[in-house]
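Subject: Structure for you to look at

Hello,

Here is the structure I said I would pass on. Please open it first, then read the notes below with it on the screen.

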2 protein chains.
Amino acid sequence: MVTPMLDAARRTELEDFLLELNRISADVILPLFRAPHAIEDKGPKGKFDPVTAADRGAEAAIRKRIAERFPAHGVIGEEYGEDRPDAELVWVIDPVDGTRAFVAGLPVWTTLIGLRFQGRPVLGSIGQPFLGETFIGHAGGSRLLHRGGEVRLRTRACADLAHATIATTDPDTYLDEAERAAWSRVRGAVRLVRLGCDAYAYAMVAMGTIDVVVEAGLKSWDVDAAVPVLEGAGGVVTDWRGAPVGANGGRVVFAGDRACIDALVPLLAV
Amino acid sequence: MVTPMLDAARRTELEDFLLELNRISADVILPLFRAPHAIEDKGPKGKFDPVTAADRGAEAAIRKRIAERFPAHGVIGEEYGEDRPDAELVWVIDPVDGTRAFVAGLPVWTTLIGLRFQGRPVLGSIGQPFLGETFIGHAGGSRLLHRGGEVRLRTRACADLAHATIATTDPDTYLDEAERAAWSRVRGAVRLVRLGCDAYAYAMVAMGTIDVVVEAGLKSWDVDAAVPVLEGAGGVVTDWRGAPVGANGGRVVFAGDRACIDALVPLLAV
């Protein structure tokens, strides 16, 4: 497989732009996170408003800026659908991944922005602006930018599931019984399980503190941003069979070590 | 029931001291969180070292400071057992609640410090120093101290489970089948479920972004710190029958609204 690559000057320009999009998104979302109308009791009807406002407002702001700066680029987002999805460069965005964490006040939601070049994710970021963290990467390397500076991201080796730390958001929300049974097999084989962290757990794989994340029912905007961050840190993203993830998401494994996926695939057979 | 209370001057002194203990603990723990030896691959044997060092180091530092300043006070902690547990004032501490989150690099572990007066928790804090947050409270009120200032904590009303957001850390780790069945009944009755957040979820109840947390198998150091924070914010902590929690923890409910516990109790019958 020939992997499409951006030349270095173009990539640096787009990487700077990606950080700008993260800032634009954070400016919309942060005032709504734990905002008084979410924290005070307004009853159930008002409960999910801040999410919608955060998601929609941030996606609209990101789309506006892309349209200004790179009008030929495509955009795929959760809230406002597809614009030019067949363009050579396509942004794939989810301003608030982990909306359930967001409404519960938990700072493990993330802003996911990926860039496809000729159909493949080549640049991406996982941002958590409340924590002041942006995990950003491409094939040449991945970094964590944080309030105190930046660190290079490196996954850790883990060929033996008996030593693995594994995460999934909520296995009870897997849609079919075979998926839940697969998760139970995986859970029984690993050392440590973490739940509830959505895409923030992908960033922990890139950082080398979690070995693998297993998810089902993902959309492209849940996946594309993470692929370059993981790959640039030494990891790999596949489907549950160990094959490349299709353009539509689905059942996905994010691992720091290819050997970990090889060990998981027999358990994940559905 | 007559609730023991500290007089205001004494309470202010102890509240200042509680914040000092949080700082002392953070100074030990933060350099070990996501430290290079945890992030780089050192293989499975080294994986849990930073936790032990953080837990033990922080508890030792806290105990040393209590012994210097208040040698007559008692201390109960996870790592070093009980000193003078029948003293009039007893500190109950867990420097790293959520050790699994800690080793996985997830910033939802907390430092729990509670103070018992005449056997009842009257002052407590839930600290997350990586986020720069300390939730602190007593019967007179609870506050969140954060980098940008402080806010008063108020739980929200929630009498109807169909509108409730509920959290537990990991129902698959409940020890008996009846507990897991009870969780399944609860899960089926509520609107939104969050997993994986240990005591950080209790703080979200105090803040009014989560309605209730259900846990099983807790120890006193998982509970005592949270009781004053919840009660000072308008919430309540009980066992699964809606009765006061015993000194040894066990099955516990942390709720923002007493009515929410009343609705839960029939589902939690084990």
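Across the interface of chain B and chain A, ten residue pairs are in polar contact, with both residues of each pair at pLDDT 80 or more. Please keep in mind that this is a predicted model.

On the side of chain B that touches chain A, the elements giving two or more residues are helix H2 (36–39), helix H4 (99–103), strand S10 (192–195) and helix H6 (200–207) of chain B. S10(B) has the largest share of that side, with four residues. Sorted by class, the side of chain B that touches chain A has 22 nonpolar, eight polar and 14 charged residues.

As for the contact as a whole, 45 residues of chain A and 44 residues of chain B take part. About 3900 Å² is buried between the two chains, and carbon and sulfur atoms give 59% of that area.

There are also eight salt bridges between chain B and chain A. One to find on the screen joins the side chains of B:Asp170 and A:Arg187, at 2.5 Å from N to O.

Next, some strands of chain A. Strand S6 (residues 133–138) and strand S7 (residues 141–146) of chain A are antiparallel and pair over five bridges. They form a hairpin, with two residues between the strands.

S7(A) and S8(A) form a hairpin with two residues between them. Here A:His146 stands opposite A:Gly149 of S8(A).

Finally, two backbone angles. Most residues other than glycine have a negative phi. Which value does phi take at A:Arg84? It is near 45°, a positive value in a residue other than glycine. A:Arg84 lies in the loop between strand S2 (81–83) and strand S3 (89–97) of chain A.

Regards

Key: Residues numbered from 1 in each chain as written. Chains lettered and ligands numbered in written order. Predicted model: local features only at pLDDT ≥ 70, side-chain atom pairs only at ≥ 80, totals over all residues. Heavy atoms only, no water. Contact = heavy atoms within 4.5 Å. Buried area = accessible area lost by both parts, 1.4 Å probe. Salt bridge = Lys/Arg side-chain N within 4 Å of Asp/Glu carboxyl O. Polar contact = N/O pair within 3.5 Å; in protein donor to acceptor, adjacent residues only side chain to side chain. Nonpolar A, V, L, I, M, F, W, Y, C, P; charged D, E, K, R; others polar. Pairing = 2+ DSSP bridges.
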